Amino acid sequence: MKIDDFDRQIMEMLQNNARMTIKEISSNLGLSSTPVFERIKRLEKNGYIDKYVALLNRDLLGYKMVAFVQISLSLHNLHEVNSFVERITVFPEVMECYHTTGDSDFLLKILVKDMDQFNEFILNKLSNIENLGRVKTQFALSTRKRTTALDLEVDL
């Protein structure tokens, strides 16, 4: 599927405000509603628009602690790697999970309310997963940039 400037602009608008109406998007683009609706449906069908979400204010909800946990597995065969992923990704504290290169096998972004909740996660969830080798944690002191918007200026 070929992406043109109208598609790119639609995706940028929806990244910034997924609640924009077809009419608002049409007005901003200078197009009628029907082609904008058809473009959005095509972008959804072809997987360019994955889903629509509400981004909640984690501070107002009490989630004050962000931890980055590097995990090295003891065994690295496909079964063990997949088993780890299946176990770790069900925990609601795990916001992101990346299989990485370098000193560790996985990088997890953990979001919790406080140190007590983090300790509970480590002791009652993470430590119950077999095949853990090394676990190294870093805590974020502050957040300097956080976005979900992709740069669509690159050629698609």
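By salt bridge I mean a side-chain nitrogen of Lys or Arg within 4 Å of a carboxyl oxygen of Asp or Glu.

A word on the source. This is a predicted model, where local features need pLDDT of at least 70 and side-chain atom pairs count only at pLDDT 80 or more, while totals for chains, interfaces and linings use all residues. Residues are numbered from 1 along each chain as its sequence is written, and side-chain values use heavy atoms, with hydrogens and water left out.

Helices and strands here are DSSP runs, numbered from the N terminus: helices are H or I with at least four residues, strands are E with at least two.

Is Arg39 buried or exposed? Arg39 counts as buried, at 16% relative accessibility. Buried means under 20% relative accessible area, exposed over 50%, and partly exposed in between, with a 1.4 Å probe and protein chains only. Asp4 counts as partly exposed, at 29%.

Arg39 also meets Asp7 in a salt bridge, 2.8 Å from N to O. Asp7 lies in helix α1 and Arg39 in helix α3, so this pair ties together parts that are 32 residues apart in sequence. Asp7 is buried, with a relative accessible area of 0%.

How many salt bridges does the structure hold? Eight. Another one joins Glu93 and Lys125, at 2.7 Å from N to O. Glu93 is in the loop between α4 and β2, and Lys125 is in the loop between α5 and β4, so parts 32 residues apart in sequence are tied together. Glu93 is buried at 8%. Lys125 is partly exposed at 24%. Shared partners also join Asp4, Asp7, Arg39 and Arg42 into one network of salt bridges.

Now the sheet. It is open, has four strands in the order β2-β3-β1-β4, and pairs antiparallel. Two strands pair if DSSP finds at least two bridges between them. Why is one side of β2 and of β4 left without a neighbour in the sheet? β2 (94-99) and β4 (132-139) stand at the edges, so each has a single partner strand.

Look at β3, residues 106-112. With β2, β3 pairs over five bridges. With β1, β3 pairs over seven bridges. Opposite Val94 stands Ile110 of β3. Opposite Val69 stands Leu108 of β3. Glu96 has Lys109 of β3 as its bridge partner. Six of the seven residues of β3 are buried. The hairpin of β2 and β3 has six residues between the strands, and there Gly102 takes a positive phi near 100°.

Next, the core. A nonpolar core is a set of buried Ala, Val, Leu, Ile, Met, Phe, Trp, Tyr and Cys residues joined through side-chain atoms within 4.5 Å. The largest one has 18 residues, and Ile71, Ile88 and Ile110 have the most contacts inside it. β1 (65-73), α4 (78-88), β3 and α5 (115-124) each give two or more residues. β1 gives the largest share, five residues. A second, separate core has 13 residues, including Ile3, Met11, Val36 and Leu43.

Last stop: Ser26, in helix α2 (residues 22-29). Ser26 is buried, with a relative accessible area of 4%.
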